[in-house]
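Please open the structure in a viewer and keep the sequence at hand.

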Amino acid sequence: MSKLKTMRQSTRKKCFILLGMLIAFGIFEILIATNTLSNQMQNLLVPMCYNIILAVSLNLVVGILGELSLGHAGFMCVGAFVGAFVSKVLGVLYPDLSKWIVFPLAFLIGGLVAAIFGLLVGFTILRLKGDYLAIVTLAAGEIIWNIFSVTYAAVDNGKIRFSLGGTNIKGLSPSAKQIATGAQGISGIDPLSSNAGVRFAIAFAITFVVVWLVLNFIHSRTGRAVQSYRDNRIAAESIGINITKYRLITIVLSAFLAGIAGVLYSHELGVISAKQEVFGYVMSINILVFVVLGGMGSTLGSIIAAVLLTVLPEWLRVLNDYRMLIYAVVLIGVMLINNNPTISSYVDAFKNKVKSLFKRKNKAKEAQ
Amino acid sequence: MSFLNTLFNGISLGSMYALIALGYTMVYGIAKMLNFAHGDVIMVGGIVTLEVMQNFVSGMNPIVGALISLLAAVIICTLLGVVIEKIAYKPLRSASSLAVLITAIGVSYFLQNVALLTFGSKKKMISFAFLDKFDIKINEQLTIQGSTVINIVTMVVIMILLMLFIKFTKAGTAMRAVSEDNGAAQLMGINVNGTISLTFAIGSALAGVAGFMFLGSYAAIGAYSGTMPGIKAFTAAVFGGIGSIPGAMIGGLLLGVIENFAKSILANMQLGTLVDPIVFIVLILVLLIKPSGLLGKQVREKV
């Protein structure tokens, strides 16, 4: 207890978030093991994990770097396709290879290729900021999924063959195994495990590491430099912070994590196809809603919003038609409330009240 | 002759982009915000046109009916634009551009989903057969379609009227002053909020016209129809130089022609779905090479 008090505030917060995640994980695992969790809920556990990763990684760009990215789903698309491609190709070429080698490789390569795309996008937007940056990331995201929608891949006689045309690869032998088929995408991807509990455990482990990484990143020297760019670009530049470098680092890291989420996504669904609704800017905006609702810049907020917005639509089936409408109202409402001096002063007063309540409790404890 | 055909179709499409780009460029020049919902106002304009044509004016002379529905679309879009500005954008005048952009995305989403719930998820079709009267037959192979003629004429007329308005009226002068420096404009006694509202009203009225043109060219409209033309027209506005009215025209026409040629080339390669990425690549290239656009001013950053 005494150690808890001497900790830095950021460290304490980090421990609190990670511990909370572990406890939630434990509860869910017990619920699965005792079969009290409905099938419907069980199917939501892994989506919850990849949504958390997506929200936390977008929060790095929107909340920490302070630039609006509308192409986050594009990086997820890269991860989903490359990860699925790796695990399918390895499955065809080396059928005896253990899953414990295939899947980590899929995650690693999926994430790395997404990071390369992130680097490309990062270079494109070096000179841009604000609205122009947002529209270019949107354009980049759209270009990415469109490219995957015309990609064909197959394994023929132990060789991998690609075609970036609108038609299938010419001259395939009859024994060739088709991997990706253009707009139909990739199907028959092996699940991480057939057991829901194990699947959730793997997904949770990845999410846990990602959140830990992101929290450490935000509170590191690099993270503080990135935040200084967000708060005042000119001031940051004038004290010698290399803003180009820190912008690139953040965007690449964010893309890498989105790629990881994509790999998780493709292995959970088993079938992916490059479509506007799944990987286009509609999805990017859905992720943005997580971040905005959770509070831009707050990792814990992003996690909570991602979990809530994954679970609630399933519970409130009645409202499903109105889900997107509600998202829209959330986006407008949060922005209007945040920027309304009267309401935000009430919110601040409320926050202070809660804080002082806790402080008094602590003092009372010390007195005892 | 197919070359000329593609060119004329491109110019027709480009005229529509130019008209939409005008809305973006004016709002961006004066309110310094990217009105993401502009594309969806076009969709509303198209839907209003379609509903009025099908339900209210079906018995009339088609040309009179079309004009009435155009008028209805323009009025409703103008009102919509002003209401959006009052409710969503005005409270955020002093907020960060990130907050404004997110709100604009929210408004865009809101309009799409209201349209989806009231209008249905299917695209609705309508025939604009009377436009054939305006066909210009040049020779056996080449006919300029009526919708193309109408699009080009409308765009040119509106462009000239708008330039005259901005140059010679008091409100137009106020607009130029606000876009130059809105603090100084306020000190000179210009009603800045009123001017911004007027800009939104004009931009949205143009979006109503563009909605009508969209329906005339594609003969079908749905809840998501506005997004892509919206983003492409923004590309056109950036291409021509944001804030510049002739720039919007040049950017729109160039982009329309580029898109149509890309479409015919890609269709030969069986890559017809890749038309939109080509437009986006144009956007990225313009922003990489000349972020201020063809006719835009380079703005220096002050500390």
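Begin by selecting B:Lys32, which sits in the loop between helix H1 (2-31) and helix H2 (38-55) of chain B. Helices here are DSSP runs (H or I, at least four residues), numbered from the N terminus. B:Lys32 is not a glycine, yet its phi is positive, at about 55°.

The model is predicted: local features need pLDDT of at least 70, side-chain atom pairs count only at pLDDT 80 or more, and totals for chains, interfaces and linings use all residues. Residues are numbered from 1 along each chain as its sequence is written, chains are lettered from A and ligands numbered from 1 in the order in which they are written, and side-chain values use heavy atoms, with hydrogens and water left out.

**The helices on either side of this loop**

Next, display H1(B) and H2(B) together. Their axes are 10 Å apart and the packing angle is about 135°; axes are lines fitted to C-alpha atoms, for helices over the stretch in contact, and angles run from 0 to 180 degrees between N-to-C directions. H1(B) and H2(B) are therefore oblique to each other. For reference, angles under 35 degrees count as roughly parallel, over 145 as roughly antiparallel, 65 to 115 as roughly perpendicular and the rest as oblique. The crossing of H1(B) past H2(B) is right-handed; the term applies if the near helix is turned clockwise from the far one by less than a right angle, and left-handed if anticlockwise.

Which residues of H1(B) and H2(B) meet? Select B:Ile20, B:Gly23 and B:Tyr24 in H1(B), which meet B:His38, B:Gly39 and B:Ile42 in H2(B). By class, this contact of H1(B) with H2(B) holds three nonpolar, three polar and no charged residues. Ala, Val, Leu, Ile, Met, Phe, Trp, Tyr, Cys and Pro count as nonpolar, Asp, Glu, Lys and Arg as charged, and the others, Gly among them, as polar.

**A second pair in chain B**

Move on to helix H3 (residues 62-89) and helix H4 (residues 97-119) of chain B, whose axes come within 11 Å and cross at roughly 135°. H3(B) passes H4(B) in a right-handed crossing. On H3(B), select B:Leu80, B:Ile84, B:Ala88 and B:Tyr89; they meet B:Thr103, B:Ala104, B:Val107 and B:Leu111 of H4(B). The contact of H3(B) with H4(B) comprises seven nonpolar residues, one polar and no charged.

Select B:Ile242, in the loop between helix H9 (227-240) and H10 of chain B. Although B:Ile242 and B:Leu22 are 220 residues apart in sequence, their C-alpha atoms are 9.2 Å apart in space. Neighbours within four places in sequence aside, B:Ile242 is in contact (heavy atoms within 4.5 Å) with residues including A:Tyr132, B:Thr25 and B:Tyr28.

Then select B:Gln270, in the loop between helix H10 (245-268) and helix H11 (275-289) of chain B. Is B:Gln270 buried or exposed? B:Gln270 is exposed, with a relative accessible area of 52%; buried means under 20% relative accessible area, exposed over 50%, partly exposed in between (1.4 Å probe, protein chains only).

**Across to chain A**

Select A:Asn35, in the loop between helix H2 (9-33) and H3 of chain A. A:Asn35 has a positive phi of about 65° without being a glycine, and is exposed at a relative accessible area of 63%.

Now show helix H12 (residues 281-294) and helix H14 (residues 323-338) of chain A, whose axes come within 10 Å and cross at roughly 45°. H12(A) passes H14(A) in a left-handed crossing. The residues in contact include A:Val282 and A:Ile285 of H12(A), and A:Met324 and A:Tyr327 of H14(A). Eleven residues of this contact of H12(A) with H14(A) are nonpolar, one is polar and none is charged.

**The core**

Finally, select A:Leu68, A:Leu264 and A:Phe279, the residues with the most contacts inside the largest nonpolar core, which has 214 residues. A nonpolar core is a set of buried Ala, Val, Leu, Ile, Met, Phe, Trp, Tyr and Cys residues joined through side-chain atoms within 4.5 Å. Helix H3 (residues 39-65) of chain A supplies the largest share of this core, 18 residues. Not counting residues up to four places away in sequence, A:Leu68 touches residues of both chains, among them A:Val62, A:Leu133, B:Leu98 and B:Ile105.

Methods:
Helix = DSSP H or I, 4+ residues; strand = E, 2+ residues; numbered from the N terminus.
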